Amino acid sequence: MSAAWLKNAVFYEIYPQSFYDTNKDGIGDINGIIEKLDYIRDLGCNALWINPCYDSPFKDGGYDVRDYKKVAPRYGTNSDLYRLFGEAHNRGMHVLLDLVPGHTSEENAWFLESKKDEKNEFSNRYIWTDGWFEGGDGLPYIAGESDRNAAYILNFFKCQPALNYGFLKPRKPWQLPVDHPDVKATVEALKDIMRFWLSHGCDGFRVDMADSLVKYDDENKSGTCEVWKNVRGMLDNEFPEAAMVSEWCNPKVALRAGFDMDFYLNHRGNGYSTLLRDYEDPSGEDNSYFRKDGKGDIRRFLDQYMDWYEDTKDTGYISMFTCNHDTFRPRYSLDYKELKLAYAFLFTMPGVPFLYYGDEIGMRYLQLPTKEGGYTRTGSRTPMQWNSGKNLGFSEGCQDSLYLPVDPAQDAPTVEAQERDPASLLNTVKAILALRQEQPDLQADANLEIIIGKKEQPLVYRRGQILVALNPSGENAAVKADVTGKEIIFSIGGGELADGQIRLDAQSFLIMK
Ligand code: NOJ
């Protein structure tokens, strides 16, 4: 059973570098998040996911953790983070930290021990081959960088050696089985890190590359799933209110392994990607469902989503997001009107939704050189745009010191400007999230039934007693539906109920009760 607070949770993802700088050094900080908690709450989000904020050489934006138990000095101190937990709780909000279980930085103290030639407690904390000239048996590896006569296996970038969760089917002597004591010690070390933050007030974790632990795992990831069941057992015993969301994109497997939520990630060609990002590159054709001129085939999403949803609705939640720090901002190809409809849809679906900072005002994707291993992701990680002041209100520091440049456009969206405009994207997001909080039928658990889900027709779905209709296309539309006794309680664009029909203006969204 998932923590009860997830039932009406709406998350706000914060990339801490870029949210709000309070000490004028050009980079966001924990105190900045605390200062903006009221803003986030008033927006309608009652939970946070903060990207890794731990000590790190930042070769991958902090996903290369040097010290799991220490806040990176550029963000503040551990005490600041504990205060953030307290301030969030005072406002009825919850905070997830980012847990990186599959790898550390090559500068992590465990790794510095592990690479030594003489055997020690950490020799098997990472996966090492048994000779400098031995390849990685199909896994990516680095040789020639340590005194130890061996090569180490990577989990992602070169700076991220893989922690050792063993091999489900070892085929070489250096591949330890999953029940090896040194492998079990890795799992215990992971639980120790989790206990550390949970006992200081954190409410759970977003889990990075959650499927990546055990190597040569089977198709169903049964080895990796055993690790998560073990972790879940610890949480159930010691921190029953803690929640975990996996970066996995396989809810049938992840939710049964003990995650409360699994992200529906933007993988090219999957159902989610067809909604907001159905393009190969900027010059190519864009068939995203929410484009006014899109091809309007919601089945490309529903075929995958409904299969997952039906299979997992009694087990946990599928989490859809507006964007994340790895993904092109939706504003990259959608305009404000299209974004309003897209968000209205995402925030009225079952499960637990995530809003990426800045998407509520339609921040742009910027073309920028890579920063801290961001590459093409860098353009989605720029500073939050608060107002029309210096550095768009992100930082009082000098422009040259900014972590990344702010959007230079004359019409760069800001919170301040959109707060003044009743029809803005920001105010639309507020209205839809307020409605979600008011209506339990729009929250995580209420049953979803697709009434009409066809090509080039409005989408009509039921959540509990509530009926929702959506017409993303540029043409007016009408569909037959039983609307007896129903009235429209929320709308974007226009529409009406009459004669057993829902009439929808071009680009409209109606909620009926
Ligand atoms: C997924 C994270 O979201 C991404 O930002 C990171 O680069 C990789 N995992 C490696 O940790």
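Biologist: Which residues are around the ligand?

Modeller: The model is predicted, so what follows describes computed geometry. The residues around the ligand are Asp60, Tyr63, His103, Phe156, Arg206, Asp208, Met209, Glu247, His325, Asp326, Arg377 and Arg381. By class, this shell divides into seven charged, three nonpolar and two polar residues.

Biologist: Which polar side-chain atoms lie 3.0 Å or 2.8 Å from a ligand atom?

Modeller: Take the ligand oxygens, then a nitrogen. An N or O atom in the side chain of histidine 103 is 3.0 Å from an oxygen atom of the ligand. For arginine 206, a polar side-chain atom also lies 3.0 Å from a ligand oxygen. Aspartate 208 has a polar side-chain atom 2.8 Å from a nitrogen atom of the ligand. Taken alone, the ligand exposes 300 Å², and the protein buries 97% of that.

Biologist: Where does the ligand sit?

Modeller: The ligand sits in the largest pocket.

Biologist: What does the side chain of asparagine 324 contact?

Modeller: The side chain of asparagine 324 makes a polar contact of 2.5 Å with the side chain of threonine 327. A polar atom of the asparagine 324 side chain also lies 2.9 Å from the backbone nitrogen of aspartate 326. Aspartate 326 is itself one of the residues around the ligand.

Biologist: Which residue caps the N-terminal end of α10?

Modeller: For a cap of this kind, look for a side-chain oxygen and a backbone nitrogen. Aspartate 335 caps the N-terminal end of α10, with a side-chain oxygen 3.2 Å from the backbone nitrogen of lysine 337.

Biologist: What is the general idea behind reading phi?

Modeller: Most residues other than glycine have a negative phi. Two residues here have positive values. Phi of lysine 24 is near 60°, and phi of glutamate 372 is near 50°.

Biologist: Where are lysine 24 and glutamate 372?

Modeller: Both places are loops. Lysine 24 lies in the loop between β1 and α1, and at 54% relative accessibility lysine 24 counts as exposed. Glutamate 372 is in the loop between β12 (354-356) and α11 (415-420). At 18% relative accessibility, glutamate 372 is under the 20% cut-off and therefore counts as buried.

Biologist: The loop between β1 and α1 also holds glutamine 17. What joins the side chains of glutamine 17 and tyrosine 75?

Modeller: A polar contact of 3.0 Å joins these two side chains. Glutamine 17 is in the loop between β1 (11-14) and α1 (30-35), and its relative accessible area of 0% makes this residue buried.

Biologist: How many Å apart in space are lysine 480 and glutamine 175?

Modeller: Lysine 480 and glutamine 175 are 61 Å apart, C-alpha to C-alpha, with a sequence separation of 305 residues. Lysine 480 is found in strand β16 (residues 477-480), and its relative accessible area of 71% is over the 50% cut-off, so lysine 480 is exposed.

Biologist: What are the two separations for glycine 494 and leucine 504?

Modeller: Glycine 494 and leucine 504 are ten residues apart in sequence and 6.3 Å apart in space, C-alpha to C-alpha. Glycine 494 lies in the loop between β17 (488-492) and β18 (495-498), and counts as buried at 17% relative accessibility.

Conventions
Residues are numbered from 1 along each chain as its sequence is written. This is a predicted model: local features need pLDDT of at least 70, side-chain atom pairs count only at pLDDT 80 or more; totals for chains, interfaces and linings use all residues. Side-chain values use heavy atoms; hydrogens and water are left out. A residue is near a molecule or strand if one of its heavy atoms lies within 4 Å of it. A polar contact is a pair of N or O atoms within 3.5 Å; within protein, one must be able to donate a hydrogen and the other to accept it, and residues adjacent in sequence count only if both atoms are side-chain atoms. Accessible areas come from the Shrake-Rupley method with a 1.4 Å probe; for residues, only the protein chains shown count as cover. On a 1 Å grid over the protein atoms alone, a cavity is a set of points where a 1.4 Å probe fits but cannot get out, and a pocket is an open set with protein on both sides within 12 Å along at least five of seven lines; lining residues have an atom within 4 Å of a point. A molecule sits in a cavity or pocket if more than half of its atoms lie within 2 Å of its grid points. Ala, Val, Leu, Ile, Met, Phe, Trp, Tyr, Cys and Pro count as nonpolar, Asp, Glu, Lys and Arg as charged, and the others, Gly among them, as polar. Helices (H or I, at least four residues) and strands (E, at least two) are DSSP runs, numbered from the N terminus. Buried means under 20% relative accessible area, exposed over 50%, partly exposed in between (1.4 Å probe, protein chains only).
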